[in-house]
Amino acid sequence: MDLPRRDFLKAMAAISGAALVGPSLLTARAAQAQTDDSAMTDDITTWKISGSHFGAIRAKVVGDRVVEVQPLEFDEHPTDMIKGIPGLIYGTSRIRYPMVRLDWYKNRHNSDTTKRGDNRFVRVGWDEAIDMFYEELERVQKDYGPWALHTAGVGWRSVGQMHSCGNHMVRAVGMHGRSVGTIGDYSTGAGQVILPYILGSTEVYSQGTSWDVILEESDLVVFWANDPIKNLQVGWNTETHEAYAYYAQLKDKIASGDIRAICVDPVRSKTLNYLDCEHQYVNPMTDVAMMLAMAHTLVKEDLYDKEFIETYALGLDRFLPYLEGETEDMVEKTPEWAEEICGVPADQIRELARLMASNRTQLVFGWAVQRQQHGEQPYWMGAILATLLGQIGLPGGGISYSHHYSSVGVSSSGAAMPGSFPLNLDPGRFPKHDNNNYQGYSNVIPISRAIDALIEPGKEIDFNGHKVKLPPYKMGIFTGHNQWHRHQDRNRMKEAYQTLETVVAIDYNWTATCRFADIVLPACTPFERNDIDAYGSYSNRGILAMHKLIDPMYNSRPDFEIFSALCRRFNRELEYTRGKNEMEWIEFLYNECVTENVRTEMPMPSFAEFWEKGYHMFPEGKPWVRHASFRDDPEVNALGTPSGFIEIFSRKIESFGYDDCKGHPIWMEKAERSHGGPGSDRFPLWLQSVHPDNRLHSQLCESEPLRETYAIQGREPIYMSPQDAAARGIEHGDLVRAYNDRGQLIAGAHVSDNFPPGIVRIEEGAWYGPTGPEIGAIDTYGDPNTLTLDIGTSSLAQAPSANTCIVEMEKFVGEAPAVTAFGGPTEVDPDGNPIESDA
Ligand SMILES: Nc1nc2c(c(=O)[nH]1)N[C@H]1C(S)=C(S)[C@@H](COP(=O)(O)OP(=O)(O)OC[C@H]3O[C@@H](n4cnc5c(=O)[nH]c(N)nc54)[C@H](O)[C@@H]3O)O[C@H]1N2
Ligand SMILES: Nc1nc2c(c(=O)[nH]1)N[C@H]1C(S)=C(S)[C@@H](COP(=O)(O)OP(=O)(O)OC[C@H]3O[C@@H](n4cnc5c(=O)[nH]c(N)nc54)[C@H](O)[C@@H]3O)O[C@H]1N2
Ligand SMILES: [Mo]
């Protein structure tokens with residue numbers, strides 16, 4: 001049953017009035033509207049608790065409308081992102097009804113796929129939509145087999161352990177038949193593959209040395225390619241923002257001269273500006289050259305810790321000849337050599353190396369530097385630098401690859417956190433189509449090679465010591481991520497998607513992924529269902545109740561219901577749900593956690609008491625030092641590397657025989673690079689697409705009141721130096737066309753002293769809004785992945801290389817096309833005639 005028109009109008013009315021996003025974001029008119037709304041007398045007002053990646057909230061609900069969002073009292077450093085929540089619920093881009101792409105509606109899997117992206121859709125009822133979904137699963141399993149179905153790895157789906165939407169898709173579709181899955185992620189694809197060979201674990205998702213220890217013991221903190229003040233605003237589970245308290249202390253210690261901090265970054269980051277600390281500029285993508293020269297200095301000046309290396313590391317003898325110019329390129333890695341490449345004066349490189357060696361130095365790496373071609377190398381080289389310094393495992397020394405993420409460094413309470421709705425089939429159960437024949441194709445592919453599989457079907461690629469044969473899958477199911485934001489090179493994606501017969505997208509927002517899909521199913525937002533979440537991804541600070549704020553809007557449903565309905569089509573619904581409804585699952589997950597925490601001696605209240613109160617908190621944990629146990633006893637607590645020691649040289653990696661990832665770190669030129677690198681004569685600007693300050697990737701981009709705070713002429717900002725702007729006659733606030741051989745986009749010029757010449761930034765997650773489905777169409781809002789390069793980091797990790805990207809830009813002249821990114825589909829009738837619609 002479609003939602004009555006009245007409800008729709010009510011919801012639309014709520015957009016203007018209920019976007020109560022706090023005084024700083026309110027326009028006078030919206031404030032007025034809000035006053036009018038609150039004059040309504042027959043509605044009951046309640047405050048309800050919920051959670052999000054951006055923090056725990058209390059929401060004021062009047063009748064069936066969320067009118068105000070406040071941070072939970074516990075959160076002392078809330079982010080403004082929560083002010084975007086009303087705009088998320090009531091945005092114009094919500095998916096209201098199940099929709100089917102016009103040509104697919106008429107011709108099913110034989111549709112004209114060059115029309116993909118024309119955004120013309122036919123509204124269908126839920127039953128019809130789920131039938132189509134099911135019939136396609138049947139067809140693909142029967143006509144092709146499991147290699148032809150791609151269930152793309154989940155991304156930043158909303159928090160909540162019960163409704164974790166990827167689990168629902170994987171379990172339900174897995175009950176029907178097997179498919180091609182993915183390995184790795186976009187965040188740390190290179191880091192998580194290389195570091196187990198070097199330091200014995202992925203490191204990137206590990207708890208790090210406690211901030212209490214760093215603040216007490218470190219003399220020098222080096223933030224390498226790292227912007228924690230920006231990036232700690234969000235967490236994998238509901239974020240507590242506890243780490244910010246320590247950054248405030250760090251700021252004080254920097255001001256008083258107790259600690260020195262240096263940001264090694266091409267731009268002046270939010271962290272640098274907040275901490276008011278030192279800046280070490282480096283040319284983009286050249287960190288390895290700089291670190292090699294620092295290592296060279298440590299060795300030449302005899303500043304490295306021979307005793308530490310003797311006891312804890314292997315392979316320096318195989319690395320030194322490279323440093324000394326006796327192997328590979330036969331060039332000595334002197335600071336003078338590096339200066340040419342990385343743009344850091346040779347003496348400054350020496351000074352930095354000496355400074356690190358003469359102080360207790362904590363290195364803290366971010367992840368953007370491995371999200372580029374040869375992204376494995378800077379992480380390996382960072383580990384070698386830390387090994388030469390000999391401080392790994394000491395309080396306030398060594399290396400971290402995670403302190404910018406989800407409050408890592410806030411010690412863990414040690415309490416068990418609630419589990420989630422099961423991902424897999426129950427033990428002993430098999431899919432309806434129990435076909436395991438992938439016809440020689442791989443059943444798991446590196447996540448960011450999913451478009452390669454369509455462009456070069458059957459291609460064999462290297463991956464971490466194995467061969468992967470890319471399956472030319474025919475159907476894709478996308479949920480809990482936005483592939484048309486996260487993946488690189490839109491025009492290449494457009495070409496690839498023309499080979500797909502059927503694409504199913506499940507989301508609450510009409511993202512570009514929906515625009516390029518065939519069957520689109522409206523999930524509800526996390527604020528329209530009950531759930532339970534961990535509060536603090538690493539601190540395990542507590543358990544949070546997520547109270548349903550309002551009923552699902554329009555014709556949307558929780559993913560759980562969508563996939564229950566799918567399983568009903570092949571009589572597996574009971575097995576899928578295990579006979580439990582939403583609240584029964586939540587109570588079950590809570591009670592499992594109670595049992596676990598008997599073991600940790602952390603008693604918890606009854607479920608009823610917890611649900612009523614809304615949260616349960618655990619005491620703070622004990623400070624902790626990463627790698628200390630290894631340092632204490634390297635025999636008993638050997639690392640997970642092949643040798644058990646830190647591997648400066650890796651025989652294992654060498655044995656793979658890869659040209660682009662050898663037995664030790666190597667400086668390799670990039671496919672394209674600014675600052676005199678390849679291609680810079682035509683495209684002189686490096687485009688970095690870092691993580692957004694005001695969003696979580698593409699989430700909240702649709703939130704209009706929030707977007708208004710940063711957009712320029714309604715477009716995503718492109719940040720640039722005053723020099724680059726002036727050289728092109730661009731002024732702050734102008735529209736700009738940025739382009740390279742892969743694509744073109746319109747963005748709004750934001751001129752800032754934080755950016756040195758040759759560097760521009762567009763934050764990832766800006767919604768893709770092309771003028772049409774054709775390849776090459778200009779993007780009207782400013783999605784950086786219109787321009788980025790879609791290649792693997794190397795044969796080792798095959799991870800995304802988004803930050804290897806160069807562009808040129810010019811002032812946009814003439815009349816700019818309207819932004820097409822937001823606002824949903826064009827609803828048409830089955831004959832293709834546009835209809836007056838609220839879809
Ligand atoms: N150029 C460039 N590209 C990048 C990056 C970069 O640095 N530069 N970073 C990469 C990184 S590290 C990452 S992690 C990825 C992130 O990529 P994604 O994880 O794809 O990004 P999100 O925008 O968070 O997408 C989540 C989607 O899930 C939907 N969603 C949320 N909750 C639910 C739910 O309950 N049910 C359903 N069905 N859907 C839901 C949201 O509406 C949204 O569309 O981007 C990558 N892409
Ligand atoms: N606000 C907010 N926070 C987030 C997210 C979000 O979407 N919004 N996403 C979360 C997720 S999924 C992830 S994966 C993490 C991402 O965490 P990261 O990948 O670490 O974050 P980025 O913001 O992309 O980049 C961090 C810094 O690296 C610098 N940098 C880029 N390239 C180079 C280089 O070649 N050399 C050097 N020295 N520096 C370089 C950039 O200038 C930037 O200051 O953030 C998480 N936190
Ligand atoms: Mo990420």
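Predicted model: local features only at pLDDT ≥ 70, side-chain atom pairs only at ≥ 80, totals over all residues.
The volume of the second largest pocket is about 470 Å³.

The model has seven cavities of 30 Å³ or more, and the largest cavity has a volume of about 540 Å³. Select K230, N231, A368, R371 and H691: of the 36 residues that line the largest cavity, these lie nearest its centre. Two or more lining residues come from each of α9 (228-231) and β24 (685-688). The lining of the largest cavity comprises 17 nonpolar, 12 polar and seven charged residues.

Finally, display helix α12 (residues 287-300) together with helix α14 (residues 316-323). Their axes are 11 Å apart, and the helices pack at an angle of about 105°. Angles of 65 to 115 degrees count as roughly perpendicular, and α12 and α14 are therefore roughly perpendicular to each other. Show side chains for L292, A295, H296 and V299 on α12, and for F319, L320, Y322 and L323 on α14; these are the residues through which the two helices meet. Seven residues of this contact are nonpolar and one is polar, with no charged residue.

Note on methods:
Residues numbered from 1 in each chain as written. Chains lettered and ligands numbered in written order. Heavy atoms only, no water. Axes fitted to C-alpha atoms, helices over the stretch in contact; angles between N-to-C directions. Helix = DSSP H or I, 4+ residues; strand = E, 2+ residues; numbered from the N terminus. Parallel < 35°, antiparallel > 145°, perpendicular 65-115°, else oblique. Contact = heavy atoms within 4.5 Å. Nonpolar A, V, L, I, M, F, W, Y, C, P; charged D, E, K, R; others polar. 1 Å grid on protein atoms, 1.4 Å probe; cavity = no way out; pocket = protein on both sides within 12 Å on 5 of 7 lines; lining within 4 Å. Points joined across faces, edges and corners; volume = space filled by probe spheres on them.
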